[in-house]
Amino acid sequence: APFRQPQPDILIADVDMETLARIPHRWPWPRAEIARVLDVISAGKPRAVFLDIVFQHLDTGDTSKGDDILIETLRRMGNVGLISLVEESRTEEGLKLTKFMSHERFREAARFNGFVWGVVDGDGVVRSTVFRDNRMPGESCVSLVARSLDPGCAVRLIASDSTFSKVLSFPEKDGGFPFINVLDILEGNIDPVLFRDKIVFFGVSAGILHDYHTTPIGLIPGVKLLATSFDSL
């Protein structure tokens with residue numbers, strides 16, 4: 001990992017502890033606030049955006065106005081990938097797979113919808129990720145976006161394989177992936193041109209939100225694990 005450079009077109013838009021402390025909203029934020037971040041990113045014309053947040057339910061607190069704004073933003077951007085989470089559990093009948101997805105209104109508005117599935121080994125460490133599995137319909141959001149961006153690359157093999165997984169290759173040279181503070185995005189401190197032709201991963205690293213995973217390089221936030229999956233592929 002210390003000797004491997006990440007792909008130069010990957011950026012992480014990060015909700016860190018400072019952002020949580022200074023934004024006047026409790027997490028999860030109103031959907032319109034998420035749309036506001038996406039609007040800035042979209043103005044820079046990125047190649048694709050991964051939204052590492054699951055919107056399982058509509059927000060009835062504002063009579064769905066925020067939902068409508070976010071849905072319109074997703075449609076207008078036309079290059080956003082939404083994730084679903086796969087949970088593995090053991091029952092008396094054997095291994096059970098459960099997928100948690102965003103509400104269908106958001107899925108219909110996004111261009112890509114796919115799962116995120118890190119494999120937790122027996123010692124609790126995530127070393128690999130699943131891109132397709134014959135027990136689960138669909139494929140990973142990462143492989144969907146990758147094949148869309150470069151249809152001629154070897155990633156197309158995933159389309160014909162019933163099962164495809166890969167050991168993660170963590171790129172940590174020179175600090176790894178660049179993280180852009182979402183607070184700076186919202187306060188206008190970031191020129192949107194920074195996102196030009198980039199693959200942007202919008203997620204959270206704030207420890208209080210508990211989206212962390214044990215990997216061979218230590219604890220990392222889910223959004224970094226998602227970016228690592230894309231970079232590895």
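Which residues in the largest nonpolar core touch the most other members? The structure is a predicted model, in which local features need pLDDT of at least 70, side-chain atom pairs count only at pLDDT 80 or more, and totals for chains, interfaces and linings use all residues. Residues are numbered from 1 along each chain as its sequence is written, and side-chain values use heavy atoms, with hydrogens and water left out.

The largest nonpolar core holds 35 residues, and Trp-29, Ile-34, Leu-38, Leu-51 and Phe-202 touch the most other members. A nonpolar core is a set of buried Ala, Val, Leu, Ile, Met, Phe, Trp, Tyr and Cys residues joined through side-chain atoms within 4.5 Å. Buried means under 20% relative accessible area, exposed over 50%, and partly exposed in between (1.4 Å probe, protein chains only). At least two residues of this core come from each of β1, α2, β2 (48–51), α3 (65–77), β3, α4 (104–109), α6 (182–186) and β10. Helices (H or I, at least four residues) and strands (E, at least two) are DSSP runs, numbered from the N terminus. Helix α2 supplies the largest share of this core, five residues. Another core, of 18 residues, lies apart from it and includes Ala-48, Phe-112, Phe-131 and Val-223.

Leu-51 is in contact (heavy atoms within 4.5 Å) with Ile-34, Leu-38, Leu-74, Val-80, Gly-81, Leu-82, Ile-83 and Phe-202, leaving aside neighbours within four places in sequence.

Strand β1 (residues 10–15) is mostly covered, with six of its six residues buried. Ile-10, Ile-12 and Asp-14 point one way from β1. Leu-11, Ala-13 and Val-15 point the other way. Two strands pair if DSSP finds at least two bridges between them. Strand β1 runs parallel to β10 (residues 199–204), and six bridges join the two. Within this pairing, Asp-14 stands opposite Gly-203. Strand β1 also pairs with β9 (residues 179–181) in the parallel sense, over three bridges. There, Phe-179 is the bridge partner of Ile-12.

The largest pocket contains about 760 Å³ of space. Of its 28 lining residues, Asp-52, Ile-83, Leu-85, Asp-211 and His-213 are the closest to its centre. On a 1 Å grid over the protein atoms alone, a pocket is an open set of points with protein on both sides within 12 Å along at least five of seven lines, whereas a cavity is a set of points where a 1.4 Å probe fits but cannot get out; lining residues have an atom within 4 Å of a point. Grid points are joined across faces, edges and corners, and a volume is the space filled by probe spheres set on the points. Strand β3 gives the largest share of the pocket lining, five residues. The lining has 19 nonpolar, four polar and five charged residues. Here Ala, Val, Leu, Ile, Met, Phe, Trp, Tyr, Cys and Pro count as nonpolar, Asp, Glu, Lys and Arg as charged, and the others, Gly among them, as polar.

A search of the whole structure finds one cavity of 30 Å³ or more. The largest cavity has a volume of about 40 Å³. Its lining includes Phe-115, Trp-117, Thr-129, Phe-131 and Ser-229. Strand β7 gives the most to this lining, with three residues. Seven lining residues are nonpolar, three are polar and none is charged. Ser-229 belongs to helix α7. Ser-229 is buried, with a relative accessible area of 6%. Beyond residues up to four places away in sequence, Ser-229 touches Thr-129, Phe-131, Val-142 and Leu-168.
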